[in-house]
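Could you take me through this model stop by stop, telling me what to select next and what is there? I have the structure open in a viewer and would like the cut-offs along the way.

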Amino acid sequence: MDMSPYRDLFISEARKHLSTFSELIVQLEDSPDDSAALDELFRHAHSLKGMAATMSYEQVVGIAHLMEDQLGRVRKGDYGLPPALADILLEGVDALSRMVSAIESGSDSHEDSSRLMEQLEAFSPQSEALPLFQGDLPEAPLLESAPLGPRQFQGKDSFQSIRIKTEVLDHLVNITGELITNRHFLAEAIRQADAAECRQPLQQITTLLHGLRDEVFKARMLPFTVIAERFPRLIRDLARQLGKESHFHLSGKEIELDRGILEEIAEPIVHILRNAVDHGLETADERRAAGKPRNGLITLAVIRDKEHVEIIITDDGCGMDPEQLKLKAVEKGVISPEQAARMSPHEALNLICTPGFSTATAVSDISGRGVGMDAVREAVHTLSGTLAIQSQPGQGSRFVLRFPLTISIINALIVRCGPFDMAFPLNVVTRTMELKSSDIREESGCLTFRYEEDTLQLRSLRQALHLPPLAGAEAALQPVIICHVGTTLLAFSVDRIFGQQEIFIRPLRAPLSHLQGVSGATVTSDGRVLFVADAAALA
Amino acid sequence: MNRTAMIVDDSLFMRKILCAILTENGYTVIAEAASGIEAMKNLHSSHPDLILLDIILPDSSGLDLLTSLITTCPASKVVICSAIGQEQVTKKALELGAMAFIQKPFTPETVTDVLKSLGD
C-alpha cells in the first residue's frame with residue numbers, strides 16, 4: 001500500500017500530539033496527582049507510535065516507544081514524574097519534532113538519537129543524578145537533523161505563525177464587510193449602466209472577496225476548548241456542593257468557532273450546564289430509587305457542518321414536564337389558562353425561556369442568579385442562532401444551540417413588508433411558498449395552514465411590526481416564509497420576497513438596539529438600511 | 001455484495017488509512033466518527049455491517065461505547081482496533097461482543113486477514 005498520500009496527515013497530527021504532550025508534561029509537574037493528564041500523555045505517545053509504525057518511520061517509533069514505556073512506569077506507580085524525567089521526555093518531544101520536520105522537508109538524514117534513547121531507556125529515580133548531557137555542550141539537540149553551516153540560520157518553523165491583536169482582526173472583518181456591501185453598489189451600478197466590459201472584473205472581485213472573507217474568518221477561529229476548559233471543574237464543584245454525583249462528557253472541543261461566537265455563548269452554556277446540575281440531575285438516592293446509575297451524566301457535544309455549528313447539551317436527570325411548566329406559567333401570570341390549553345408540549349418547554357419564569361421551587365444559589373433562560377435565548381438570537389429544547393420527564397433534557405459559522409457576514413433572505421425591507425438569516429428560514437386564501441384557516445383566533453404533515457401557525461409580519469394590513473391582500477397569493485422558532489416551525493406572511501443576498505450585519509446601538517424583533521442592520525446596494533429580523537422575537 | 005462500514009477513531013490519519021484498506025476489501029465506508037458521541041449520532045441515520053472501533057477514545061470509555069454500539073445496532077459486527085492494555089481490554093471487549101481485534105500498528109494485510117475471518 002502506498003503510504004505517501006497520508007504523509008501530510010501524519011505530519012499535522014504528529015505535531016498536534018507533540019504540542020499537547022509538552023503541555024501535559026508541564027501540567028503534570030504542577031499537579032502530580034492528575035492521573036487523567038498522565039493517561040492522556042500516555043495516549044499521545046501511544047497514538048504517535050502507532051501512526052509512525054504505520055508509516056514505517058522507525059526512528060520515531062523507537063523514541064515514542066521508550067517515552068511510552070517510561071510513562072507506563074509512572075502510571076503503574078513505580079515512580080512519580082521527577083524533574084529529571086520530565087526533562088528527558090521534553091527532550092524526546094524536541095527530537096521527535098525535529099524528525100517530523102525532517103519528514104516534512106523530505107530530508108533523508110537521520111539525527112543521532114542514541115544518547116536520548118539511552119537516557120530514556122536507563123532512567124530510574126536512582127539514576128536521577130546523571131546529567132542529561134555529559135561532557136561538552138549538547139550539540140545534537142540544538143541542531144536540526146542536517147548539520148547547519150556556521151552562517152546558516154536555524155529552522156524556518158518559528159515564523160510560520162505570529163500573534164495578532166484581536167482588534168486588528170475585527171478591523172479586517174469590518175473592512176471585508178464594507179467591501180462586500182460596496183461590491184453590491186458596484187454590481188448594481190454596472191447593471192444599470194449595462195457596462196458589459198465591467199462584468200468580468202466584477203466577477204473576479206466577487207471571487208477574491210469570498211476568498212478574503214473566508215481567510216479573515218479563518219483567522220478569527222479558536223477551538224471550542226478555550227471556553228470549555230473550565231466546564232468539567234464547574235460541574236464537578238457544583239454537583240459536590242449540591243450533594244449530587246455527576247459525570248461530564250465533552251466532545252468536539254477541538255472544533256473551531258468564530259471568536260465572537262465563543263465570547264457570546266460561554267455564559268449561556270455555563271447557565272445551561274448549571275441548570276442541568278441544579279434542576280436536571282437528581283441526588284444519588286433519588287437516582288437509585290428511579291433505577292438509574294448513581295452518577296448523573298451531563299454531555300456537551302460540538303458538531304460542525306459546512307455552514308453551521310451545533311452545541312448540544314444533555315442531561316439524564318429528571319427532565320421537565322410540559323404540564324407542570326404550563327401550570328407554573330399560568331400561576332405566574334405569564335400565560336392565560338386558555339393559552340396553556342392550546343400549547344403543544346414543545347411550546348410549553350419553551351416557556352422556561354420566558355422572562356420572569358423560573359422552574360426552581362426555591363431560588364437556589366446556583367441557578368437563580370439573574371441570568372435566566374430568557375437571557376440564554378436572547379444571546380442565541382443575537383448570534384442569529386436558534387435554541388431548541390427537548391425533554392422527557394424522568395429521562396432528562398436536551399438543549400440544542402445552532403448558529404451560523406460566522407456572525408457578521410451571512411446569507412439572508414430579503415423580504416419587503418410595508419415601507420421596510422428586512423433580512424431573515426437563511427439559517428432560520430426553512431422554505432418560502434405562496435398561499436392561496438383558501439389554504440388559510442382560522443383556528444381559535446390563530447391563522448393556520450397545512451404544511452406537509454403539520455399544521456403551521458401563520459403570523460403576519462405587518463402585524464408583528466404594527467403596520468396596517470395590506471389592502472386587497474385577500475385575493476392575491478400570499479408570499480410566506482417558514483422559519484425555525486425554537487423547536488417548531490412558524491410562518492410569516494410578507495408583502496414580497498426578493499431573494500437571497502450576502503449581507504454584512506452591523507450591530508444596532510441605542511436607541512435602535514431597543515427595537516423588538518430585529519437583531520441588527522445592514523446597508524443595501526442602493527444605500528438603504530435594512531433590518532435583520534429576529535424570527536423568534538417576532539413570533 | 002457491497003458491505004458498509006463505520007470507522008470510529010479519534011485520529012483522522014488512522015481513519016483515512018483504515019478507510020482505504022476497507023475500500024480495497026469491498027466495503028463502503030458510510031460514516032466516520034472521531035468520538036463516541038459522533039459514533040452514536042451516526043447510528044441514528046445508518047446501521048453499518050461493520051464497525052471498526054478504536055477502543056481508546058478521548059471522550060469515552062471504549063468498552064462503554066462498544067456496549068452502546070452493540071445494543072443500538074445488534075446486526076453490526078464490531079471489530080476493536082487498538083493496542084493499549086491489549087490483553088485485558090481485548091478480552092473484555094470480546095466478552096462484551098466484539099467479533100475480532102486488530103492490533104495497532106497494523107499492515108493492510110493484517111486488517112484484510114481479520115476482515116476475512118469475519119466470514120462474510
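Start by selecting A:K326 and A:A340: the side chain of A:K326 reaches the backbone oxygen of A:A340 at 3.2 Å. That is a polar contact, meaning a pair of N or O atoms within 3.5 Å, where within protein one must be able to donate a hydrogen and the other to accept it, and residues adjacent in sequence count only if both atoms are side-chain atoms.

Before moving on, a note on the ground rules: this is a predicted model, local features need pLDDT of at least 70, side-chain atom pairs count only at pLDDT 80 or more, and totals for chains, interfaces and linings use all residues. Residues are numbered from 1 along each chain as its sequence is written, chains are lettered from A and ligands numbered from 1 in the order in which they are written, and side-chain values use heavy atoms, with hydrogens and water left out.

**Around A:K326**

Stay with A:K326 and show helix α12 (residues 322-331) of chain A, where this lysine sits. Helices (H or I, at least four residues) and strands (E, at least two) are DSSP runs, numbered from the N terminus. Is A:K326 buried or exposed? A:K326 counts as buried, because its relative accessibility is 9%; buried means under 20% relative accessible area, exposed over 50%, and partly exposed in between (1.4 Å probe, protein chains only). Beyond its neighbours within four places in sequence, A:K326 is in contact with A:I335, A:A340, A:M343, A:A348 and A:L351, contact being heavy atoms within 4.5 Å.

**On to A:F531**

Next, select A:F531 in strand β18 (residues 529-533) of chain A. With a relative accessible area of 18%, A:F531 is buried. Setting aside neighbours within four places in sequence, its contacts include A:D421, A:M422, A:L508 and A:V518.

**Two loop residues with positive phi**

Most residues other than glycine have a negative phi. With that in mind, go to A:E452, where phi is near 50°. A:E452 lies in the loop between β12 (446-451) and β13 (454-460) of chain A and counts as exposed, at 63% relative accessibility. Then pick A:H466, whose phi is positive at about 60°. A:H466 belongs to the loop between α16 (461-464) and β14 (478-485) of chain A, and at 72% relative accessibility A:H466 counts as exposed.

**Chain B**

Switch to chain B, which has five helices and five strands, following the pattern β-α-β-α-β-α-β-α-β-α along the sequence. Of its 120 residues, 53% are buried.

**Where the chains meet**

Finally, show both chains together. The contact takes 21 residues from chain B and 23 residues from chain A. About 1,900 Å² is buried between them, 74% of it from carbon and sulfur atoms; buried area is the accessible area (1.4 Å probe) that two parts lose on being put together, summed over both. How many salt bridges cross the interface of chain B and chain A? The rule finds two, a salt bridge being a side-chain nitrogen of Lys or Arg within 4 Å of a carboxyl oxygen of Asp or Glu. For one of them, select B:D10 and A:R43, whose closest N and O atoms are 2.7 Å apart. On the side of chain B that touches chain A, α1 (12-24) and α2 (36-45) of chain B each supply at least two residues, and α1(B) gives the most, with seven residues.
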